[in-house]
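Hi,

Here is the structure I promised to pass on. Have a look at it first, and then read my notes on the interfaces below.

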Amino acid sequence: MIINHPLLGPRDAAEFTYLGDAALIHRPDWAAPDALPQFTDYGYLRDNPAGLHRELWFHEGGDRSWLVVTRDTTTHEITSVELARDVARREGRST
Amino acid sequence: MRYSGLRVIKEALTGHKGWGAAWRDPDPQPAYDYVIIGGGGHGLATAYYLAKIYGQKRIAVLEKGWIGGGNVGRNTTIIRSNYLLDGSEPFYEFSLKLWEGLEQDLNYNAMVSQRGILNLIHSDAQRDAFIRRGNAMILNGADADLLTTAQIKERYPFLNTDNARFPIKGGLAQHRGGTVRHDAVAWGYARAADKLGVDIIQNCEVTGFLIEDGVCKGVETSRGTIKAGKVASCVAGSSSRVMAKAGMRLPIESHVLQAFVSEGLKPVLPGVITFGAGHFYCSQSDKGGLVFGGDIDGYNSYAQRGNLPVVEDVCEGGMAIFPMLGRARLLRMWGGIMDMSMDGSPIIDRTHIERLYFNGGWCYGGFKATPASGYVYAHLLAKDEPHPTAIAYRFDRFNRGLMIDEKGMGNQPNLH
Ligand SMILES: Cc1cc2nc3c(=O)[nH]c(=O)nc-3n(C[C@H](O)[C@H](O)[C@H](O)COP(=O)(O)OP(=O)(O)OC[C@H]3O[C@@H](n4cnc5c(N)ncnc54)[C@H](O)[C@@H]3O)c2cc1C
């Protein structure tokens, strides 16, 4: 797989490590009254879809940026790559 | 028909005209007591033990393709019970004992071969960990044997014991481990279950569940609605897809694992060798092919094929420890979809939906579990309580902090 890094251009996926579903950007609020069940879901439950999947990849063997990659889990085709920072800002998780 | 040596001779003399089909090809009935989803090793074994040990009737196994087309027909056939933790070792040892009597029980030649498995040691810390694991195995009634480098050299003279990064400093052997002909496991259970009246229904995909007031009453399939007293999901890599139809999210990610087989060679490798530090393991099939593999690719996948970086990694690991591999040509490579759980251990449990049961999260190690998985799942289905060897495999272990994490990796499925 080739990941088209937004800053560095096309890179071999072997340069990256994989974390998982990009929903992990949305860490629950530790002070919420239902924080415990929320963290159980966050830590352990996954959608695991067959089809389009937004996921976090870390450019460990490169510029060490986190990316959000949209990839089809049935074909491995990658349709979009963004800096995780931009996604987190857009989704209100970071300034 | 009973299979025997005499029968082979008789059929040979009469043109092999009397064998007949090994199982029926029935149309689905409108209702069953038990509907098992998934005709892999685990689903077929569950049906067999439900009928044989627990005396249940009106059982169907629904398979979306053909039986044995999933992971049971794609794995590298290794059986062993060399686990550390109390939640796991009694279960896997129960499984190994069932393997030891399986062929007589099923009247089917599954080529169970206890040729032994060896895990290589490269450092003092690893030796300490393996001694601890060996002791845990022995405490649970399994066998474990710590081998010196000299003993390993004598048995496997072709191993490179002096690799600069990973010199071989010994190994943990389980002599009762080995390999089994994987397809024959599916076929043997199918034939034996069919004989006990189980309907094995192929080309029948489950597309939804009939759930009324929190009770599961049957399934929708590509061959119509089928009512059921109890519904048991057993679909390995497809677990999340199937259970999503019942509105459930699982502590599972699906990942691809690749495997490789070389051209057929004369016997060169007498057992199974695992080089965990180098992400490589190998055995030789009875046909002569070297069967080997390594790590999962590491990203979510339902594609049943992997990518080249892992191919390279596996071959590098192989060449480091097992240089003669470089002289063999690769015949085939393939992939299968692993139900990687959050702690690397399986789940065999009821769900929050009444009469809907779940079996999955087998990661890359569910083949060896096949007999015990079927047995304990049948126990759960028939008695509504867990089998004594499977009490730890609960859904709620994740929110209760009772993970069964053999490798100590945490909730990161691609590291188990
Ligand atoms: C390359 C590779 C190597 C492996 N090596 C080993 C090893 O050496 N030792 C070991 O112990 N384990 C190994 N494993 C793991 C082992 O193969 C699996 O854990 C085990 O086979 C899973 O259980 P199963 O046989 O029931 O799965 P499967 O054979 O995958 O059965 C599941 C079945 O469910 C069916 N299904 C899915 N969705 C539906 C639906 N909606 N309706 C109806 N049916 C459906 C599928 O078609 C499939 O036939 C390996 C796996 C792979 C891929």
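Chain B is split into domain 1 (5–15 + 22–78 + 182–251 + 344–415) and domain 2 (114–176 + 253–341), with the bounds coming from an automatic or database domain assignment.

Before the rest, some housekeeping. This is a predicted model, where local features need pLDDT of at least 70 and side-chain atom pairs count only at pLDDT 80 or more, while totals for chains, interfaces and linings use all residues. Residues are numbered from 1 along each chain as its sequence is written, chains are lettered from A and ligands numbered from 1 in the order in which they are written, and side-chain values use heavy atoms, with hydrogens and water left out.

First, the domains of chain B. The C-alpha centres of domain 1 and domain 2 of chain B are 28 Å apart. In contact (heavy atoms within 4.5 Å) are 19 residues of domain 1 of chain B and 22 residues of domain 2 of chain B. Between them the two domains of chain B bury about 1,900 Å², 56% of it on carbon and sulfur atoms; buried area here is the accessible area (1.4 Å probe) that two parts lose on being put together, summed over both. On the domain 1 side, B:R74, B:T76 and B:P413 lose the most area to domain 2 of chain B, together 32% of what that side buries.

How many salt bridges link domain 1 of chain B and domain 2 of chain B? The count is zero, taking a salt bridge as a side-chain nitrogen of Lys or Arg within 4 Å of a carboxyl oxygen of Asp or Glu.

Now for the chain interface. Chain B puts 25 residues into the contact and chain A 23 residues. Chain B and chain A bury about 2,100 Å² between them, 50% of it on carbon and sulfur atoms. B:R249, B:N300 and B:Y302 are the residues of chain B that lose the most area to chain A, together 30% of what that side buries. Two salt bridges turn up across the interface of chain B and chain A. B:R249 also forms a salt bridge with A:D47, with the closest N and O atoms 2.7 Å apart.

As for secondary structure (DSSP runs numbered from the N terminus, helices being H or I of at least four residues and strands E of at least two), strand 12 of chain B gives the largest share of the side of chain B that touches chain A, four residues.

Cheers
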